[in-house]
Amino acid sequence: MARVLILLGDAAEELDSMYPIFRLREAGHEAVVTAPTTRPVRLVIHDFEPGCDAYTEKPGRLLPVDLAFADVAPADYDALVIPGGRAPEYIRIDPHVARIVPHFFEQDLPVGTICHGPQVPAALGLLEGRTTAAYPPLKTDVEQAGATYKDAPDVVDGNMVSCRGWPDLPLWSRAFLALL
């Protein structure tokens with residue numbers, strides 16, 4: 001079975017994070033959580049409420065971390081998942097993330113991005129010429145990174161599977177597991 005690296009940080013969206021971890025483990029794969037440090041990350045819950053133009057954010061659960069970004073040897077993993085939430089906004093500038101993420105693209109290994117997850121490969125110049133889904137307000141960011149935005153729940157472009165957010169996770173999971 002595959003060893004899948006889950007790239008997280010504080011303010012990662014709870015469903016975007018927990019659903020893939022549980023689904024991968026349920027399918028017999030190893031899901032390894034990595035973050036800037038080994039302390040548990042504080043997840044958040046994003047939801048949509050009537051009368052609010054943007055999503056709302058509430059505190060979520062703590063999620064244990066298996067290893068820090070600095071300790072990741074990318075060659076030890078068969079795939080990568082980058083959940084959404086606000087974590088991608090700041091982990092994308094971490095020098096270890098800049099070392100980890102390109103490996104999966106260069107080796108044509110499965111990469112899954114959820115919601116705001118494409119912000120990480122976009123910041124590293126890895127979306128050029130690709131087609132990806134993302135949280136819809138990121139359409140302009142994705143296009144400025146040289147990618148084509150597709151508004152769909154399970155966009156597959158070679159080794160990359162993306163979706164718009166947690167409501168798409170069942171279809172995203174099927175597509176990602178098919179790549180493994």
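Trainee: In which strand does Thr 113 lie?

Mentor: In this predicted model, Thr 113 has its place in strand β7, which covers residues 111-114.

Trainee: Is Thr 113 buried or exposed?

Mentor: A residue counts as buried when its relative accessible area is under 20%. Thr 113 has a relative accessible area of 0%, and therefore it is buried.

Trainee: Which residues is Thr 113 in contact with, once its neighbours within four places in sequence are left aside?

Mentor: With those neighbours left aside, Thr 113 is in contact with Ile 82, Pro 118, Pro 121, Thr 132, Val 161, Ser 162, Cys 163 and Trp 172.

Trainee: How is the arrangement of helix α1 and helix α6 to be read, and at roughly what angle do their axes cross?

Mentor: The axes of α1 (residues 14-26) and α6 (residues 169-179) come within 11 Å and cross at roughly 45 degrees. Angles under 35 degrees count as roughly parallel and 65 to 115 as roughly perpendicular, so the two helices, α1 and α6, are oblique to each other. The crossing in which α1 passes α6 is right-handed. On the α1 side the contact is made by Leu 15, Asp 16, Tyr 19, Pro 20, Arg 23 and Leu 24, and on the α6 side by Leu 169, Pro 170, Trp 172, Ser 173, Phe 176 and Leu 177. Sorted by class, this contact has 9 nonpolar, 1 polar and 2 charged residues.

Trainee: Which residues touch the most other members of the largest nonpolar core?

Mentor: That core has 54 residues, and Ile 6, Leu 7 and Val 101 touch the most other members. Leaving aside neighbours within four places in sequence, Val 101 is in contact with Leu 7, Leu 80, Ile 82, Val 120, Leu 124 and Leu 126.

Definitions and conventions: Residues are numbered from 1 along each chain as its sequence is written. This is a predicted model: local features need pLDDT of at least 70, side-chain atom pairs count only at pLDDT 80 or more; totals for chains, interfaces and linings use all residues. Side-chain values use heavy atoms; hydrogens and water are left out. A nonpolar core is a set of buried Ala, Val, Leu, Ile, Met, Phe, Trp, Tyr and Cys residues joined through side-chain atoms within 4.5 Å. Buried means under 20% relative accessible area, exposed over 50%, partly exposed in between (1.4 Å probe, protein chains only). Contact means heavy atoms within 4.5 Å. Helices (H or I, at least four residues) and strands (E, at least two) are DSSP runs, numbered from the N terminus. Axes are lines fitted to C-alpha atoms, for helices over the stretch in contact, and angles run from 0 to 180 degrees between N-to-C directions. Angles under 35 degrees count as roughly parallel, over 145 as roughly antiparallel, 65 to 115 as roughly perpendicular and the rest as oblique. A crossing is left-handed if the near helix is turned anticlockwise from the far one by less than a right angle, and right-handed if clockwise. Ala, Val, Leu, Ile, Met, Phe, Trp, Tyr, Cys and Pro count as nonpolar, Asp, Glu, Lys and Arg as charged, and the others, Gly among them, as polar.
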